[in-house]
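Here's a quick tour for someone meeting this structure for the first time.

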Amino acid sequence: MPTVLGIVVAAGSSRRAGRDKLDIVLADGRTVLETSVALIEECSLVTDIVVVTRADKIEYVSSLMERHPKVCAVTAGGNTRFDSVRKGIDAGPAHDFICIHDAARPFASAALVRGVIEKAFEHGAAAPCIPVKDTIKFTEDGFITGTPDRSSLRAVQTPQVFMRDMYLDALAFSDDAFDDCQVIERAGHRIYPAPGEEGNYKITTREDIEGLMSSKSIRIGHGYDVHRLVENRKLILCGVEVPFEKGLLGHSDADVAVHALMDAILGAAGLPDIGNLFPDSDPAYLGADSMELLKKVSALLAEQGWCLGNADITIVCQRPKLSPFIPAMKERLESVLGKGTCNIKATTEEKLGFTGSGEGIAAHAVALING
Ligand code: MG
């Protein structure tokens, strides 16, 4: 059985779509990039995989790929697609075939991937193709000038699979080429058009991304935090200073309720927790205003295409009595997260445990997000 090197190309600038589309989290909790890698990895005919990414994302992508044992290298792309694929080939073992897949096509089926590779084994080169639904026109100088015969047209997708040596030789013809098939065509080889799928589209436009977002539905997250009560500190809860003889100890302003809330929101979105995002080993967060951190979390949520449905926070505190401050707390949180999003309650633990003895204050939060 021939061996196959998978090359997942994620090096192109995706700014065209207004955000880094490969980092969008899909309904199953994985990013577009990771889903595309998993798709290629799932195929038993693929031996190893190289992920080609932007130089500034190598560290982040490498950490994601720890979960994917077939990924043998993560490498930086070049100036053109062909440079990038070439770098991918160089970074992996010299298998008989290469299987080049756009990271922005996460929705191909396992059957499509297997089908293309099998056809390439048979013919030396294969690519998934679908008939063109729209009538295609030529234009020149702003006007329609002609109509090609639709029955002979195909839209080509990825993964495209070629004999490794055939592809490397064909790279000599890559000047101004649009896709990998084109260099193989120019080199005089035949490519088998394997069955493609309508669903195997390339995430390209803002509309594509909005379409992804609308299929995400709702998610829920929980956050929990505790801080110790000490003398000579302000007591800040939900961004409001509560007059009391003690305050909460912490690297930041120790706003325990906002910390729980941020972790609930981040948890719902499947993002790292505040300990990872704002580490207390980082002097930048010494004495930080947790409301500023909440703004960052809120921006991150929006960046991922989510919005907060509602959050419910419970502050567990023996003293002082918090009920007079709750309307101000709600207003503070909603000034960042949106009106009607936040509910805040306070309770005691009947003098039991560390909150009951006044050693500390705890907070729980749940958050529902939708996108
Ligand atoms: Mg905390």
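Let's start with Pro283, which sits in the loop between H9 and helix H10 (290–303). Helices here are DSSP runs of H or I with at least four residues, strands are runs of E with at least two, and both are numbered from the N terminus. Pro283 counts as exposed, at 65% relative accessibility; the labels go by relative accessible area, with buried under 20%, exposed over 50% and partly exposed in between (1.4 Å probe, protein chains only). Pro283 and His251 are 32 residues apart along the chain, and their C-alpha atoms are separated by 8.9 Å.

Before you go further, know that this is a predicted model: local features need pLDDT of at least 70, side-chain atom pairs count only at pLDDT 80 or more, and totals for chains, interfaces and linings use all residues. Residues are numbered from 1 along each chain as its sequence is written, and side-chain values use heavy atoms, with hydrogens and water left out.

**The metal site**

- Which residues hold the magnesium ion? Its protein donors are Asp225 (OD), His227 (NE2) and His259 (ND1), at 2.0 to 2.3 Å from it.
- His227 belongs to strand E11 (residues 218–231) and His259 to helix H8 (residues 256–268), so this pair ties together parts that are 32 residues apart in sequence.
- Along the chain, the donors of the magnesium ion follow the spacing D-x1-H-x31-H.
- A donor is an N, O or S atom within 2.8 Å of the metal (3.2 Å for Na, K and Ca); water is not among the atoms, so sites may look incomplete.
- Both His227 and His259 are buried.

**A nonpolar patch on the surface**

- Tyr224, Val226 and Phe354 make up a nonpolar surface patch, with about 240 Å² of accessible area together.
- A patch takes residues with over 30% relative accessible area and no salt bridge, joining like charges within 9 Å and nonpolar side chains (Val, Leu, Ile, Met, Phe, Trp, Tyr) within 5 Å.
- A salt bridge, in turn, needs a side-chain nitrogen of Lys or Arg within 4 Å of a carboxyl oxygen of Asp or Glu.
- The areas come from the Shrake-Rupley method with a 1.4 Å probe, and for residues only the protein chains shown count as cover.
- Tyr224 is in strand E11, and at 41% relative accessibility it counts as partly exposed.

**Cysteines without partners**

- How many disulfides does a search of the whole structure find? It finds zero, where a disulfide would be a pair of cysteine sulfur atoms within 2.5 Å.
- Cys72 is partly exposed, with a relative accessible area of 40%, whereas Cys129 counts as buried at 16%.

**A lysine and a threonine with their contacts**

- Look for Lys57 in the loop between strand E2 (48–53) and helix H2 (58–65).
- Is Lys57 buried or exposed? At 10% relative accessibility, Lys57 counts as buried.
- Leaving aside residues up to four places away in sequence, Lys57 touches Asp20 and Asp23; contact means heavy atoms within 4.5 Å.
- Thr145 and Thr3 are 142 residues apart in sequence and 46 Å apart in space, C-alpha to C-alpha.

- Thr158 and Pro159 are joined by a cis peptide bond, with omega about 10°; Pro159 lies in the loop between strand E8 (154–156) and strand E9 (160–163).
- Another cis peptide bond links Arg319 and Pro320, with omega about 0°.
- Asp176 has a phi near 60°, a positive value in a residue other than glycine, and counts as exposed at 72% relative accessibility.
- Glu350 has a positive phi too, near 55°, and is exposed, with a relative accessible area of 64%.
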